[in-house]
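Thanks for coming. I will go through one structure today, starting with a helix pair and then turning to the ligands.

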Amino acid sequence: MNKVAKMVSIGMLLAGAACQDLEHSRQVDNPLVSGRTIALQVCSNCHGVNGVSISPAFPKLAGQQKEYLVAQLTDFKSHTRADPNAQRFMWGFTHLTDMQIDELATYFSGQSAVLGVASDPALIDEGRAIYRSGLPEKGVGACVGCHGQHGEGENQFPRLAGQHAHYVIKQLEVFQQTDTRPRGAPMKAVCANMSDRDMRAVAAFVEAFSPEEEVSASPAADR
Ligand code: HEC
Ligand code: HEC
């Protein structure tokens with residue numbers, strides 16, 4: 001009796017130790033590891049601890065819409081989001097459970113988005129016009145209608161404000177030229193007739209998401 005009780009308590013101790021280990025090890029294929037731990041130990045290597053990636057090939061996740069994040073992680077897991085970079089970098093995460101996907105999406109959507117630095121003002125002005133009014137003569141819809149007044153997105157419509165221009169251009173090309181994003185139909189229609197220049201312009205605008213006043217102000221006004 002005494003012996004059994006002793007064995008039980010040793011068993012519980014061991015279980016406790018294993019639990020603690022999960023939070024410190026890289027057992028990311030273990031369904032018991034929390035999304036937060038996976039985010040800190042794995043995802044952060046490319047997307048940054050704050051969800052603000054350095055390399056422009058890796059999208060920023062900070063402040064991204066939760067519903068959108070869940071959808072994309074589900075599509076990577078099922079290998080239906082299938083452009084080359086998705087395959088190369090995101091297809092390995094097939095072991096994530098629905099619970100972990102939900103926790104990861106909560107983690108990154110709760111972080112503060114960080115805007116990029118404004119580049120070429122003329123290009124940005126051109127991009128702002130496309131963002132707000134589209135290009136009616138080419139059938140390009142106004143981005144603001146779905147991605148929001150401040151580029152913040154909503155539910156399945158992703159945040160664009162702050163996103164790396166390089167990544168934005170890449171995705172516009174993916175939507176326009178391929179069928180490798182399974183939820184891409186609305187975007188395919190939007191960007192069917194966009195030129196390279198249109199894409200570069202709107203990408204430069206959303207990366208910095210600079211309000212008009214800032215861009216049109218002359219440098220002298222800053223002094
Ligand atoms: C080795 C680098 C790397 C790691 C590690 C990584 N990612 Fe990614 N992630 C990428 C790249 C590159 C893309 C862009 C893929 C593309 O161009 O389609 C991406 C795309 C995404 C997207 C889509 C974002 C969008 O705006 O559509 C999400 C969500 C995402 N990753 C979440 C995660 C999570 C969660 C983890 C950890 C489980 C993770 N990533 C780990 C490189 C990485
Ligand atoms: C009719 C609604 C609608 C309009 C208008 C629209 N979008 Fe989108 N956009 C979407 C949806 C929905 C998605 C998510 C698609 C997916 O899940 O694959 C998306 C995704 C994107 C993405 C991918 C973001 C990422 O993180 O991978 C980019 C870039 C984008 N849109 C840019 C634009 C630009 C630029 C415009 C204006 C020229 C625009 N969109 C207009 C609905 C729209």
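Predicted model: local features only at pLDDT ≥ 70, side-chain atom pairs only at ≥ 80, totals over all residues.

Let me start with H8 and helix H10, which spans residues 196-208: their axes come within 8 Å and cross at roughly 140°. The two helices, H8 and H10, are therefore oblique to each other. As for the hand, the crossing in which H8 passes H10 is right-handed.

Which residues in H8 and H10 meet? From H8 they are Ala-165, Val-168, Ile-169 and Leu-172, and from H10 they are Met-199, Arg-200, Ala-203, Ala-204, Val-206 and Glu-207. By type, the contact of H8 with H10 has eight nonpolar residues, no polar ones and two charged ones.

H8 (165-177) also takes part in the shell around ligand 2, where it supplies at least two residues, as do helix H7 (144-147) and helix H9 (185-191). There are 23 residues around ligand 2, and those that come nearest are Gly-141, Cys-143, Cys-146, Arg-183 and Pro-186. The shell around ligand 2 is made up of 15 nonpolar, six polar and two charged residues.

Now ligand 1. It is surrounded by 22 residues, with Cys-43, Cys-46, Asn-85, Ala-86 and Phe-89 the closest. Helix H2 (35-47), helix H3 (66-77) and helix H4 (84-90) are the elements giving two or more residues to the shell around ligand 1. Which of them gives the most? That is H2, with six residues. In the shell around ligand 1, 16 residues are nonpolar, four are polar and two are charged.

That is what I have; questions are welcome.

Notes:
Residues numbered from 1 in each chain as written. Chains lettered and ligands numbered in written order. Near = placed C-beta within 6 Å. Helix = DSSP H or I, 4+ residues; strand = E, 2+ residues; numbered from the N terminus. Nonpolar A, V, L, I, M, F, W, Y, C, P; charged D, E, K, R; others polar. Axes fitted to C-alpha atoms, helices over the stretch in contact; angles between N-to-C directions. Parallel < 35°, antiparallel > 145°, perpendicular 65-115°, else oblique. Left-handed = near helix turned anticlockwise from the far one by under 90°. Contact = placed C-beta atoms within 7 Å.
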